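Welcome, and thanks for taking a look at this one with me.

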Amino acid sequence: QQQIELELSFLARLSEIVSKDQAAALASVLQPSSTRAKGVAGGQGGGAVSAAAAGESLGGRLDALNALVDAATEAASKSKHVYVLKFFGDVTASQVAQLRQEITAVLTSAEAEERADEVVLVLNTGGGTVTGYGLAASQLLRLKEAGLPLTICVEQVAASGGYMMACVADRLVASPFAVLGSIGVITEQPNVYERLKREGISFSTITAGKYKRTLTPTKKVDPLDEKKLKSDIEQVLKLFKGFVAQNRPSLDIDKIATGETWFGPDALERNMVDKLATVDEVLLDYVDQGAQVFGLKYTEKPPSPLAALGIGGSAGEAAPLAQLA
């Protein structure tokens with residue numbers, strides 16, 4: 001009886017630390033082959049009693065192995081799932097098209113209540129367009145609205161629009177030398193009005209609406225136009241600051257919304273991040289806690305040969321609405 005209890009305890013503990021595939025592999029190794037079973041049954045001095053004893057022994061052994069596989073399968077289905085996404089953004093945040101698909105996939109399979117599933121986003125971007133990164137941050141909010149805790153790990157940089165995304169996290173982790181911040185807005189363009197004037201070239205722009213066109217590369221700079229554009233980007237900054245302050249109320253938004261950037265330790269001191277660690281450490285912590293960690297990446301099917309010839313192809317991508325670099 002004591003041996004049986006010890007075996008059951010061993011199987012129970014083993015089922016908690018091995019995966020379904022590992023348990024099945026273990027069962028296949030330990031399970032005797034039919035040849036070996038026959039050899040046991042017909043061995044020397046065995047007779048009918050030895051065969052019966054062998055059959056009973058093998059039967060009990062197989063039952064234990066099957067129970068191990070079943071227990072491992074059940075434990076795997078109940079253990080926390082951690083979905084790992086990546087966002088390495090460019091200036092237009094074009095990766096948001098992939099991110100939205102990956103988030104949709106997570107939302108259709110994750111269990112926020114029963115398994116307490118979580119999401120980890122590995123983030124690296126220096127920001128870019130207001131519209132692009134505003135959409136990316138909004139996609140991350142879908143996870144929070146679904147009750148899925150979100151950890152964002154910044155490996156190298158999360159600046160400007162990148163920090164707009166990062167601040168959405170329930171837990172924000174950065175590597176010690178990661179750069180964070182740059183909460184500000186900038187817009188710039190060259191002006192060739194004087195050069196065109198010297199060349200005897202005039203450029204006419206017809207508009208309807210007082211502020212339909214303010215500063216342009218070919219128009220003489222007007223202080224009123226500069227004032228209007230300044231007012232526009234101040235409004236964008238106001239929205240930016242409000243979003244960061246709402247999602248990360250622990251920091252002093254007026255002190256960090258200066259356009260400056262900080263390395264990890266200084267960012268931690270200003271409550272811009274919660275912890276300094278690498279993404280590897282974060283993921284290993286989840287594994288040590290018994291969670292199952294899944295990497296998730298959305299890829300589109302390659303176009304057909306007909307699409308390369310312009311038959312049945314897409315109409316192309318629209319240009320971004322605006323860009324503040």
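**Notes for a first look**

1. Of the 325 residues in the chain, 31% are buried. Please keep in mind as you read that this is a predicted model. The chain has 13 helices and eight strands. Among contacts in the chain with a separation of 6 or more, 73% are between residues 24 or more positions apart.

2. On the helix 5 side, the contact is made by V96, L99, R100, I103, T104, V106 and L107. Helix 6 brings L135, A136, Q139, L140, R142 and L143 to the contact. By class, the contact of helix 5 with helix 6 has nine nonpolar residues, along with two polar and two charged ones.

3. Now follow helix 6 (residues 130-145) to another neighbour, helix 9 (residues 223-247). These two pack at an angle of about 20°, and their axes are 13 Å apart. That angle makes helix 6 roughly parallel to helix 9. The crossing of helix 6 and helix 9 is left-handed. Which residues make the contact? Helix 6 supplies V130, A137, L141 and K144, while helix 9 supplies V236, F243 and N247. Five residues of this contact of helix 6 with helix 9 are nonpolar, one is polar and one is charged.

4. You will find D170 in the loop between helix 7 (161-166) and strand 4 (171-174). Is D170 buried, exposed or partly exposed? With a relative accessibility of 45%, D170 counts as partly exposed. D170 and L148 are 22 residues apart along the chain, and their C-alpha atoms are separated by 9.4 Å.

5. Finally, a word on cysteines. How many disulfides are there? The count comes to zero, going by the rule that a disulfide is a pair of cysteine sulfur atoms within 2.5 Å. As for individual cysteines, C153 is buried, with a relative accessible area of 1%. C167 also counts as buried, at 0% relative accessibility.

Terms used. Residues numbered from 1 in each chain as written. Predicted model: local features only at pLDDT ≥ 70, side-chain atom pairs only at ≥ 80, totals over all residues. Heavy atoms only, no water. Axes fitted to C-alpha atoms, helices over the stretch in contact; angles between N-to-C directions. Helix = DSSP H or I, 4+ residues; strand = E, 2+ residues; numbered from the N terminus. Parallel < 35°, antiparallel > 145°, perpendicular 65-115°, else oblique. Left-handed = near helix turned anticlockwise from the far one by under 90°. Contact = heavy atoms within 4.5 Å. Nonpolar A, V, L, I, M, F, W, Y, C, P; charged D, E, K, R; others polar. Buried < 20%, exposed > 50% of the residue type's maximum accessible area, 1.4 Å probe, protein only.
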